[in-house]
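Grab a pencil and work through these exercises with the structure open beside you. Try each one before you read its solution.

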Amino acid sequence: MNSQQRTRLLDAAERALRNAHAPYSHYRVGAAVLADGGNIFAGCNVENASYGLTMCAERVAIGAALAAGNKNIRAVAVVSDGPEAPWPCGACRQVLVEFAKDDAPVLVAIRGHLRAAELTTLGELLPHAFRLGERA
Ligand code: ZN
């Protein structure tokens, strides 16, 4: 991921955050994934009156990538309103493992402070991830 892709990815996540449906927690999150080929797909959190049905922004972004035919994710960015960096939840980490390699960069940032984004890798976030055989 080069610096231009990093900027585009964080910007896309921040834009998606504005569309979050978070009437219950008021915690808005936007996520974006960089797919093989350079396309970026975004998602936002989608809450529901039945709280357990809430979808995280990361998984919505992954779904958007898949729906467009992209199963290989190179990098991920997540942006929230804060006050703390929005590290992906455990469920999203496991879903990311399905479509991204351990060395995939994961950026997290607070809206309006994208230049201060923190960077790690998927492997750092979820070591010893559960995998069912090798990916095709
Ligand atoms: Zn999540």
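**Exercise 1.** Which protein donors does the zinc ion have?

*Solution.* A note before we start: this is a predicted model, where local features need pLDDT of at least 70, side-chain atom pairs count only at pLDDT 80 or more, and totals for chains, interfaces and linings use all residues. Residues are numbered from 1 along each chain as its sequence is written, and side-chain values use heavy atoms, with hydrogens and water left out.

Step 1: look for donors (N, O and S atoms within 2.8 Å of the metal, or 3.2 Å for Na, K and Ca; water is not among the atoms, so sites may look incomplete). You'll find the SG atoms of C56, C89 and C92, 2.3 to 2.4 Å from the zinc ion.

Step 2: check the spacing, which is C-x32-C-x2-C along the chain.

Step 3: Helices (H or I, at least four residues) and strands (E, at least two) are DSSP runs, numbered from the N terminus.

**Exercise 2.** Find which residues of α2 are buried (under 20% relative accessible area; exposed is over 50%, partly exposed in between; 1.4 Å probe, protein chains only).

*Solution.* Step 1: list them: A57, E58, A61, I62 and A65.

Step 1: look down the axis of α2. Its buried residues fall within an arc of 135° (taken from the directions from the helix axis to the C-beta atoms), so they line one face of the helix.

Step 2: see what covers them; β1, β2, β3 and α3 are included.

Methods. Contact means heavy atoms within 4.5 Å.
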